[in-house]
Amino acid sequence: MQNAGLAALGLNWRYLACEVHPDDLRAAIKGAQAMSFIGLNLTVPHKLLAVDMVDLLDDSARSWGAVNTIRFEGQDGHGVWRSLREFTEAPCQTRSHGFNTDADAIARSLREDLGVELRGARVLLLGAGGAGRTAALKLAAQRVAEVCLVNRTRSKAGAVADEIRQRSPEVKVTLGYPEGPVDLVLNATSLGLKADDPLPIDERQFPLGRAGAVYDMVYRPAETTFLKAAKAAGCRSANGLGMLLYQGAAALELWTGQTAPVEDMRRGLERNVYG
């Protein structure tokens, strides 16, 4: 995805995947900074850890409590901090600037890929882990009418509910399956990655026919058992490929200062994920 985007922009850059143990994350960030990398993406479990490891947090990272994108910056002769892409020689002073592009990507994918208008919507959210928490807080910030949280560990869902009440007191938040219909069911669990995984929802408590639309953050396979069940119930449905795409496009814009070539990135992503 990123290399397709870089090629479309005509940049002689390369995006590389590196496996880093959590114990070595701080050293890895500092090493990339010392070698004048333009930036980094971080994935699980590094997103939460990096909050305390970067030199500066953007409002997005501070708001969602996670860093998935780092931009390395240098101080010019006038004391102004600029992206390292703007320097022809490595500056004396550099810093790491942490961002979060995940939350906006969730909202954008729900709107563009599924046609869901979030403001005033009633949402059933499955999962309250890292991805579920970010989704819940973003949905609340988008002024949904109600978020119903279902999680295997009820106390974790309760903690997310308390956070929503504190940040967005006008949004109704409940624990457990709702009565009546919802506009959206969002799966933020990892159930569906394996072919023999059970459904992330208990249809005895909430039949999928009560949902207007269903979104599964899992994108491999392209159609999970959950999405098949949603289609059979007559729901509009989409997987999480759009979320992955849009967070990556936002990261590319932070690094390059240019508009991301989203469709080129989409084609590259689809080729890589689905063959």
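Modeller: Happy to. Let's begin with the residues themselves: the largest cavity is lined by Leu 191, Gly 192, Lys 194, Ala 195, Asp 197, Pro 198, Leu 199, Pro 200, Thr 225 and Phe 226. Please keep in mind that this is a predicted model. By class, that lining has 6 nonpolar, 2 polar and 2 charged residues. The space in this largest cavity comes to about 40 Å³. When the whole structure is searched, 1 cavity of 30 Å³ or more turns up. As for the idea behind such a search, a probe the size of a water molecule, rolled over the atoms, shows where empty space is left.

Along the principal axes, the C-alpha atoms fill a box of roughly 65 × 40 × 35 Å. The radius of gyration of the chain is 20 Å, which agrees with the value near 19 Å for a compact globule, because that is what 275 residues would give. Of the 275 residues in the chain, 48% are buried. Among contacts with a separation of 6 or more, 70% are between residues 24 or more positions apart.

Next, the open spaces. The second largest pocket holds about 170 Å³ of space. There are 13 residues in its lining, and those nearest the centre of the pocket are Thr 101, Asp 104, Ala 105, Tyr 246 and Ala 250. Two helices, α5 and α9 (241-256), each supply at least two residues of this lining. The largest share, 5 residues, comes from α9. Sorted by class, the lining of the second largest pocket has 6 nonpolar, 3 polar and 4 charged residues.

Asn 100 sits in the loop between β5 (94-99) and α5 (102-114). Asn 100 counts as buried because its relative accessible area is 5%, and the cut-off for buried is under 20%. Leaving out residues up to four places away in sequence, Asn 100 touches Ser 60, Ala 61, Trp 64, Ala 66 and Asn 68.

Another loop residue to look at is Gln 142, placed between α6 (130-141) and β7 (146-150). Apart from neighbours within four places in sequence, Gln 142 is in contact with Ala 107, Arg 111, Leu 118 and Arg 119. With Arg 111 there is also a side-chain to side-chain polar contact of 2.3 Å. For a sense of scale, the C-alpha atom of Gln 142 is 32 Å from that of Tyr 274, a residue 132 places away along the chain.

Let's finish at the other end of the numbering. Gln 2 belongs to helix α1 (residues 2-8). Gln 2 is buried too, with a relative accessible area of 2%. Beyond neighbours within four places in sequence, Gln 2 is in contact with Tyr 15, Asn 41, Gly 248, Ala 251, Leu 252, Trp 255 and Met 265. If you turn the model to follow those contacts, you will come back to α9, the helix spanning 241-256.

Technical notes: Residues numbered from 1 in each chain as written. Predicted model: local features only at pLDDT ≥ 70, side-chain atom pairs only at ≥ 80, totals over all residues. Heavy atoms only, no water. 1 Å grid on protein atoms, 1.4 Å probe; cavity = no way out; pocket = protein on both sides within 12 Å on 5 of 7 lines; lining within 4 Å. Points joined across faces, edges and corners; volume = space filled by probe spheres on them. Nonpolar A, V, L, I, M, F, W, Y, C, P; charged D, E, K, R; others polar. Helix = DSSP H or I, 4+ residues; strand = E, 2+ residues; numbered from the N terminus. Buried < 20%, exposed > 50% of the residue type's maximum accessible area, 1.4 Å probe, protein only. Contact = heavy atoms within 4.5 Å. Rg over C-alpha atoms; globule rule 2.2 N^0.38 Å. Polar contact = N/O pair within 3.5 Å; in protein donor to acceptor, adjacent residues only side chain to side chain.
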